[in-house]
Every structure is written in C-alpha cells, then in structure tokens.
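This report concerns charged side chains and the contacts between them. Please consult the sequence and the structure shown here while reading.

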Amino acid sequence: MMVLPQRYDAVTRCWWTGPAGAGAEPFGPTVWAFGTYSAGGPSTTHRERSTVGTVMQDSFGLDDHARLALEVAQHAALANGDAHCGTEYLLYGLVATARGEIVELMELFALNTLRVDRAIERIMEERHASGVFEQGPPTLSLRARAALSTPRLDGKGPTGAFELLHGLLAEDDSGACRVLRSLGVHPDEARRLVAYGIRLGGR
C-alpha cells in the first residue's frame, strides 16, 4: 500500500496527506485523532481508521469555518468508533477550529479540545453502560442536522460558526449542552453570549 507523506495540523489535531500548501488534502487515507502526538508521527497507541463517508456539506449552506468544524466533528466521531455524530462532536469541531470572536468565547468558558474530549468520553461511557452505544460509520444526529441548518438572522449568506453554536445550544438535553454542564458552563449563559455575538455582527 502506498504511504503518502503526512503533516500534523495542530488546529484540527489531524494528519494531512500530501505536502503542505496547494494540493494538500485534509483528512486523507488515514486520520488520527484524540491522542498524543510526537514529531515523528502518531504514536503506536493510535488506531488507524479509514476516512469517514462524505456528507453532503453543501446542502447545509455552511461557510468555510462551519464546514471545517463539521469535518473535524465527523472525524472525531470516527476516531471514537461512534456511529452517533451528535451536537457534542460539533461543539468539539468548533472548539478545535475556533478563530476570531469564537476564540474569545471559548476562552471565556475555558473550553479547549482536551476538556471537551474528556467530556465526550464520559458521555460515551454512560451510553456504553446503558447499552445504547453503537459502533460504525458516524451519522449526523437529527439535532446535529438541525444545528447545521440554523439560518442567519438577516436571512442572507451561509450558516457560520455563531449560528452553528446557537443551534447546538437550542435544546437543554442536547449532547453539546451536556458537555457544557459537565464542564461547569451554564447553557443559558452561553446562549446569551452567542445571541449577543450574532446581533453584534448584524447576522
């Protein structure tokens, strides 16, 4: 089997195939996530998995940031062997790819990929214990799909990171809200600040 050159992207915590720059393909034949990395490549504790099935991302009308967050979310679920790609994974994707004002929001609530990762692991343990954990290619949950379809306030343009985050927090019992509560963040407070950010941006 041909081995393609890879480089590690510290933002998405994934390995990219091919050389950096033009022509490089993110999330190539092999993806490693949720683990410890070394300069020479993924450690021997990583599990190798094939790429996740392509989702019709364009059907959601996402901007570049939201689209990247979705890609990271899908591959995070894949790395966990989780057939359920819910709002908790989309939250992870937003944290992993945060930029601009989203970075400030994540820092305010002390959210980082490691803390969100561990919170997701706890949710998975609960699902294992209750016998509802399913393995297989990740499929977006209904709540995740609804969040990805959150419209802008002005009704114009693609769904961005703030709209996606707003959609993730729409229901108190969503995976994203469970992650926040487990990390000491009140969803209502997060909703207030996200709504303010959307209004401030005229979106």
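## Overview

The structure is a predicted model. Across the whole structure, a search finds nine salt bridges. Several of these are described below.

## A contact between a helix and a loop

Arg191 and Asp172 are joined through their side chains by a salt bridge, with an N to O distance of 2.6 Å. Arg191 belongs to helix α8 (residues 187-200), whereas Asp172 sits in the loop between α6 (161-168) and α7 (175-182); the pair therefore ties together parts that are 19 residues apart in sequence.

Arg191 counts as buried because its relative accessibility is 19%, and the cut-off for that class is under 20%. Asp172, at 45% relative accessibility, is partly exposed.

## Arg152 and Asp154

A salt bridge links Arg152 with Asp154, and their closest N and O atoms are 3.3 Å apart. Arg152 is buried, with 18% relative accessibility, while Asp154 is partly exposed at 33%.

## A network of three residues

Salt bridges also connect Arg143, Glu171 and Asp173 in a network.

Note on methods. Residues numbered from 1 in each chain as written. Predicted model: local features only at pLDDT ≥ 70, side-chain atom pairs only at ≥ 80, totals over all residues. Heavy atoms only, no water. Salt bridge = Lys/Arg side-chain N within 4 Å of Asp/Glu carboxyl O. Buried < 20%, exposed > 50% of the residue type's maximum accessible area, 1.4 Å probe, protein only. Helix = DSSP H or I, 4+ residues; strand = E, 2+ residues; numbered from the N terminus.
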